[in-house]
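Tutor: Have a look at the entry below, and then ask me anything you like about how it is put together.

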Amino acid sequence: MAVPWIGLRDGDSMPQLGFGVWQIDNADCPRLVGEALRLGYRSIDTAQGYGNEEGVGRAIAESGIARSQLFVTSKLRNAAHARDLALEAFDRTMADLGLEVLDLLLIHWPVPEQDLYVEAWQTLIELQRERRIRSIGVSNFDPAHIDRLIAETGVVPAVNQIELHPGFQQRDKRAYHKRQDIQLQSWSPLGPGNGGAEWWAQYGAQTGQSLLNDPAIVAIAARHGKTPAQIIIRWHIQEGLMLFPKSSHPERIAENFEVFDFALDAEDMYRIEALDDPRGRIGAKPDAWNLMF
Ligand code: NAD
């Protein structure tokens, strides 16, 4: 079964499931992103801060897939929020990706301390008006940051990409995004115990217990004849969230895409909902993260 494309508030649409490339080396992107595209993935989530846009661009160019069938997301670096730096960073992103028009650009983090995220947002609005970007959105923004963008520019982000997984379900934020018609995207969708969590641990964050070994997830997986990763990915899909699980292993890249031939029932969903832990965050708190990259 095909991956659904979900409509965004600006009239554009994007695949619900894609391939994330954080922590994939630039040199490995042509092979691994190429593999994902061969398997049928059509949405790629990268960022200037990942240092691999050039490799992603090469994979796209080599794939031969029609541009209209692909959806490419990138993110504006924390150190490039000022208008002139944002324009320069965007040009670099586009040169590296080898694209004329970007499908979606997100402000990677608000960095309230430098207080330039409204200026960054105004620059994204400008680039969208010039038709160099189709959709614009944010990442790691709390509702208060989004309220300020709307109050000062009148433009509502199409998406917000935040940490979200069964161990940290962000239920308190869901109603706000629904009300504003902002599509939520889940980062680190597989949750604690993976490469991303280890990266955050260097900044003092908890790595947590792997959800892939959680007894409830393992039991649901056994009942459906699926893997724990597939159960978690399916949970995001049925919750109406977008996601881009990352893997460097072709067999897992394939596994993470085979989630449209079964469905979780109400009891499965209820059991996974019970894994929510308001303290289950593995990454930084959005309003406190100010690493300049
Ligand atoms: P993830 O939840 O996708 O987990 C990736 C890790 O899980 C892999 O490194 C591997 O160790 C493991 N894994 C993947 N598939 C598996 C499988 N089938 N079986 C067993 N283990 C498996 O975490 P992530 O990479 O942190 O997040 C996904 C994407 O989200 C990123 O690549 C990036 O595109 C995006 N992201 C964005 C932000 C942001 O600030 N906006 C932050 C983190 C991640």
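Student: At roughly what angle do the axes of helix α2 (residues 53-63) and helix α3 (residues 83-97) cross?

Tutor: A word on the ground rules: this is a predicted model, where local features need pLDDT of at least 70, side-chain atom pairs count only at pLDDT 80 or more, and totals for chains, interfaces and linings use all residues. Residues are numbered from 1 along each chain as its sequence is written, and side-chain values use heavy atoms, leaving out hydrogens and water. Helices (H or I, at least four residues) and strands (E, at least two) are DSSP runs numbered from the N terminus, while axes are lines fitted to C-alpha atoms, for helices over the stretch in contact, with angles from 0 to 180 degrees between N-to-C directions. The axes of α2 and α3 come within 7 Å, and they cross at roughly 40°.

Student: Which word describes how α2 and α3 lie to each other?

Tutor: Angles under 35 degrees count as roughly parallel, over 145 as roughly antiparallel, 65 to 115 as roughly perpendicular and the rest as oblique. The crossing is at roughly 40°, and α2 and α3 are therefore oblique.

Student: Which residues of α3 do E53, E54, V56 and G57 in α2 meet?

Tutor: Contact means heavy atoms within 4.5 Å. On that basis, E53, E54, V56 and G57 of α2 meet these residues of α3: T93, D96 and L97.

Student: How are α8 and α9 placed relative to each other?

Tutor: The axes of α8 and helix α9 (residues 228-238) come within 8 Å and cross at roughly 95°. α8 and α9 are therefore roughly perpendicular.

Student: How many charged residues does the contact of α8 with α9 have?

Tutor: From α8 come I217, V218, I220, A221 and H224, and from α9 come P228, I231 and I232. Ala, Val, Leu, Ile, Met, Phe, Trp, Tyr, Cys and Pro count as nonpolar, Asp, Glu, Lys and Arg as charged, and the others, Gly among them, as polar. By class, the contact of α8 with α9 has seven nonpolar residues, one polar residue and, of the charged class, no residues.

Student: And α8 with α11, in which hand does that pair cross?

Tutor: Helix α8 (residues 215-224) and helix α11 (residues 266-273) pack at about 160°, with axes 10 Å apart. That makes α8 roughly antiparallel to α11. A crossing is left-handed if the near helix is turned anticlockwise from the far one by less than a right angle, and right-handed if clockwise. The crossing of α8 past α11 is left-handed.

Student: How many charged residues are in the contact of α8 with α11?

Tutor: I217, I220, R223 and H224 in α8 meet D268, R271 and I272 in α11. The contact of α8 with α11 divides into three nonpolar, one polar and, for the charged class, three.

Student: Which element gives the largest share of the lining of the largest pocket?

Tutor: On a 1 Å grid over the protein atoms alone, a cavity is a set of points where a 1.4 Å probe fits but cannot get out, and a pocket is an open set with protein on both sides within 12 Å along at least five of seven lines; lining residues have an atom within 4 Å of a point. The largest pocket is lined by 41 residues, of which W22, Q23, N194, G196 and K246 lie nearest its centre. β9 (183-187), α7 (195-201) and α10 (250-255) each supply at least two residues of that lining. The largest share, four residues, comes from α7.

Student: What volume does the largest pocket have?

Tutor: Grid points are joined across faces, edges and corners, and a volume is the space filled by probe spheres set on the points. For the largest pocket, that comes to about 930 Å³.
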